[in-house]
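Here's a quick briefing to keep beside the viewer. Have the sequence and the fold open while you read.

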Amino acid sequence: MELKPGMSALVTGGASGIGRALCFALAKKGLYVTVVDYSEDEGREVAFLIGKESKKLYAELEFPSSIFVRCDVSNAGDIAAAFKMHLETYGGLDICINNAGIGTPVLFFKDESDGATTWRRTVDVNLIAVIDCTRYAIQAMRSRKKPGVIINLGSASALFPLHTDPIYSATKGGVVMFTRSLSPLRREGIRINVLCPEFVQTKLGSIVSPRLIDSLGGFITMEKVVDGAFELIKDESKAGACLLITKRKGMEYVPSPME
Ligand code: NAD
């Protein structure tokens with residue numbers, strides 16, 4: 001899909017890190033952007049800064065260049081409200097990036113609780129919320145009968161086990177297969193792909209041990225991640241595709257094991 005001014009995008013976890021960078025990159029192309037996050041101050045700031053930049057780049061705008069919606073993606077009602085707000089503001093949805101994600105704060109092996117506050121939360125935010133948001137995005141795209149692209153954030157840890165956080169790896173593996181399973185949507189003009197970067201220096205990425213980062217040759221840059229997302233948006237031949245980005249090999253499409 002060619003990105004054009006006037007299209008619109010919704011990005012979950014848009015207040016910081018990869019989501020924030022994607023919000024700015026999409027706005028630079030002239031897209032209206034809904035920043036969805038539970039982090040209110042940072043999220044509002046992203047929408048405000050996009051507004052300031054867009055005024056310089058695009059003199060006449062039909063709608064507000066960016067809005068922020070406070071939303072905990074683990075709450076189904078919040079998600080419904082975020083999509084509703086986007087559709088009421090912009091009238092349609094061209095791009096949806098399901099990016100909000102967390103690690104497991106207490107290590108699986110050390111946690112003595114029943115998991116309710118630790119790994120269940122990681123599954124809710126990293127996997128269930130992606131499923132919920134994807135459904136809303138499909139509904140929005142179907143109702144308009146125009147092409148749409150959904151990108152889910154997986155991780156290299158979906159393809160190579162992250163021994164320090166098996167729950168994170170499991171949720172991201174789930175995101176990859178969920179996304180691959182939806183490739184038939186391409187028949188309706190909706191392409192859904194998954195982006196799997198290695199470690200990026202964000203709040204989340206910085207939790208990882210420096211030894212692991214060194215063994216991989218360092219962090220990958222935010223520019224590479226944004227390029228990867230744009231590659232998945234642009235390439236019309238890709239549906240259900242998994243794009244891995246590593247420090248050593250750069251970007252490569254990973255075939256499904258049965259392909
Ligand atoms: P980050 O912590 O910088 O940003 C994550 C954003 O998601 C934050 O703004 C946070 O407030 C938001 N968020 C978290 N839980 C939420 C919830 N329940 N509801 C709404 N918003 C919520 O992290 P990041 O590194 O930018 O990660 C973004 C995505 O990329 C995640 O899905 C992550 O798993 C994935 N990823 C990150 C790396 C990395 O090394 N940083 C590598 C591969 C994949």
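Predicted model: local features only at pLDDT ≥ 70, side-chain atom pairs only at ≥ 80, totals over all residues.

The chain has 7 helices and 8 strands. Its radius of gyration is 17 Å, close to the 18 Å that the globule rule gives for 259 residues, so the chain is as compact as a globular protein of that length.

**Overall fold**

- If you draw a box along the principal axes, the C-alpha atoms fill roughly 55 × 40 × 35 Å.
- Buried residues account for 45% of the 259 residues in the chain.
- Take the contacts between residues at least 6 apart in sequence: 67% of them join residues at least 24 apart.

**Helices α4 and α5**

- Helix α4 covers residues 119–144 and helix α5 covers residues 166–181; their axes come within 9 Å and cross at roughly 15 degrees.
- An angle under 35 degrees counts as roughly parallel, so that is the label for α4 and α5.
- The crossing of this pair, α4 and α5, is right-handed.
- On the α4 side, the contact uses W119, T122, V123, N126, L127, V130 and I131. Across from them, α5 brings I167, Y168, T171, K172, G174, V175 and F178.
- Sorted by class, the residues where α4 meets α5 come out as 9 nonpolar, 4 polar and 1 charged.

**Helices α1 and α2**

- Next up are α1 (residues 17–28) and α2 (residues 40–57), with axes that come within 10 Å and cross at roughly 20 degrees.
- At that angle α1 and α2 are, therefore, roughly parallel to each other.
- The crossing of α1 and α2 is right-handed.
- R20, C23, F24 and A27 of α1 make the contact with V46, I50, E53 and S54 of α2.

**T122, a residue in α4**

- You'll find T122 in helix α4, where it is one of the residues that meet α5.
- T122 has 22 other C-beta atoms within 10 Å, and the cut-off for buried is 20 or more, so T122 counts as buried.
- Setting aside neighbours within four places in sequence, T122 is in contact with I102, T104, I167, Y168 and T171.
- I102 sits 20 residues from T122 along the chain, yet their C-alpha atoms are separated by 6.2 Å.

**I67, a residue in β3**

- Strand β3 runs over residues 66–70 and includes I67.
- Is I67 buried or exposed? With 23 C-beta neighbours inside 10 Å, I67 is buried.
- Not counting residues up to four places away in sequence, I67 touches T34, A47, M85 and T89.
- H86 is 19 residues from I67 along the chain, and the C-alpha atoms of the two are separated by 8.1 Å.

**K145, a loop residue**

- Look for K145 in the loop between α4 and β5 (148–153).
- K145 has a positive phi, near 55 degrees, and it is a residue other than glycine.
- Only 12 or fewer neighbours count as exposed; K145 has 10 C-beta neighbours inside 10 Å, so K145 is exposed.

Note on methods: Residues numbered from 1 in each chain as written. Axes fitted to C-alpha atoms, helices over the stretch in contact; angles between N-to-C directions. Helix = DSSP H or I, 4+ residues; strand = E, 2+ residues; numbered from the N terminus. Parallel < 35°, antiparallel > 145°, perpendicular 65-115°, else oblique. Left-handed = near helix turned anticlockwise from the far one by under 90°. Contact = placed C-beta atoms within 7 Å. Nonpolar A, V, L, I, M, F, W, Y, C, P; charged D, E, K, R; others polar. Rg over C-alpha atoms; globule rule 2.2 N^0.38 Å.
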